[in-house]
Amino acid sequence: MVKIYHATNVGKVRPNNEDAYAEINPDTFIVADGMGGRAAGEVASNMLIEVAAENLNPDSVPYDEKILSAVISDANKKILAAANQNENLRGMGTTATILHLYDDIAYYAHVGDSRIYIYRGGKLYRVTEDHSYVEELVKKGEITPEEARVHPMKNVLTQAVGVTEDFEIDSGKFPTMFGDVFLLCTDGLTNMVTDSQISEILSHSLNPAEDLIQAALDGGGRDNVTVIVLGIDC
Ligand code: CA
């Protein structure tokens, strides 16, 4: 069984919440962090969720990583088309992070700088890589992950959904274990809260989603913040 906790918060600075998240069918979870002028970011992140809901048929589980990637490709086409048809939506885009848990396997597909973590055996592991300029600098060894977290260009994405026809989707699968805790989150969490704080909260909190949001607000709340926490407990 999977215990599910989730929460979103506009934060302390932004006028509206461009994050979107959903549980699509049993055991399929999405976070999306929209970007774009005015309300366009919200449109993009919500379109991603709608496309996922349309494409993921409850009768055809499991959704392997290819099916999850196809959802993101389809959303990319639809968001691009909507942006081309409406000047107010031009330039919108979204991150897309989808996790599907089925029969002791976790399948995922991912674009952008939202993240999937797994907390296992008292340690926090990041499953996804950020598609961001600062992640490239970290990979090259030019800055540390801690410096990336507060870098002035940390918001610059190298891949996003709905922005260009050609883009890359990361995907994969791995076995789950009893006691695993999964975290899906937007960068409004990870820019405000360190991995060790996240670990600490996941290790003992009875309300991990609310506590992670509170930590992001205490850390400055400079962005919308969204978390889904999944505990596999039997
Ligand atoms: Ca964000």
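Which protein donors does the calcium ion have, and how far from the ion do they lie? They are Asp33 (OD), Asp33 (OD), Asp187 (OD) and Asp223 (OD), at 2.2 to 3.1 Å, where donors are N, O and S atoms within 2.8 Å of the metal (3.2 Å for Na, K and Ca) and, water not being among the atoms, sites may look incomplete. This is a predicted model, in which local features need pLDDT of at least 70 and side-chain atom pairs count only at pLDDT 80 or more, while totals for chains, interfaces and linings use all residues. Residues are numbered from 1 along each chain as its sequence is written, and side-chain values use heavy atoms, with hydrogens and water left out.

- Along the chain, the donors of the calcium ion follow the spacing D-x153-D-x35-D.
- Asp33 lies in strand S3 (residues 28-35) and Asp223 in the loop between helix H7 (208-218) and strand S11 (225-232), so this pair ties together parts that are 190 residues apart in sequence; helices (H or I, at least four residues) and strands (E, at least two) are DSSP runs, numbered from the N terminus.
- Asp33 counts as buried at 9% relative accessibility, and Asp223 is buried with a relative accessible area of 10%; buried means under 20% relative accessible area, exposed over 50%, and partly exposed in between (1.4 Å probe, protein chains only).

**Aromatic pairs**

- The structure holds two aromatic pairs, a pair being rings of Phe, Tyr and Trp (its six-membered ring) whose centres lie within 6.5 Å, with planes under 30 degrees apart counted as stacked, over 60 as edge-to-face and the rest as tilted.
- The rings of Tyr108 and Phe174 have centres 6.3 Å apart and planes at 55°, so the pair is tilted.
- Because Tyr108 lies in strand S6 (residues 105-111) and Phe174 in strand S9, this pair ties together parts that are 66 residues apart in sequence.
- Tyr108 and Phe174 are both buried, and together with Phe182 they form one aromatic cluster.

**Nonpolar surface patch**

- Tyr133, Met153 and Val156 make a nonpolar surface patch of about 230 Å²; patches are made of residues with over 30% relative accessible area and no salt bridge, like charges being joined within 9 Å and nonpolar side chains (Val, Leu, Ile, Met, Phe, Trp, Tyr) within 5 Å.
- A salt bridge is a side-chain nitrogen of Lys or Arg within 4 Å of a carboxyl oxygen of Asp or Glu.
- Met153 lies in the loop between helix H4 (145-149) and strand S9 (170-175), and at 37% relative accessibility it counts as partly exposed.
- Val156 is placed in the loop between H4 and S9 and counts as partly exposed at 36% relative accessibility.
- Leaving aside residues up to four places away in sequence, Val156 touches Ser132 and Tyr133, contact meaning heavy atoms within 4.5 Å.
- Val156 and Gly112, 44 residues apart in sequence, are 9.7 Å apart in space, C-alpha to C-alpha.

**Backbone geometry**

- A cis peptide bond, with omega about 0°, joins Val61 and Pro62, and Pro62 is found in the loop between helix H1 (40-55) and helix H2 (65-85).
- Asp27, a residue other than glycine, has a positive phi near 70°; Asp27 lies in the loop between strand S2 (19-23) and S3 and is partly exposed at 26% relative accessibility.
- Asp103 is not a glycine either, yet its phi is positive at about 50°; Asp103 is found in the loop between strand S5 (96-102) and S6 and is exposed, with a relative accessible area of 66%.

Conventions: Areas by Shrake-Rupley, 256 points an atom, 1.4 Å probe, with all protein chains shown as cover.
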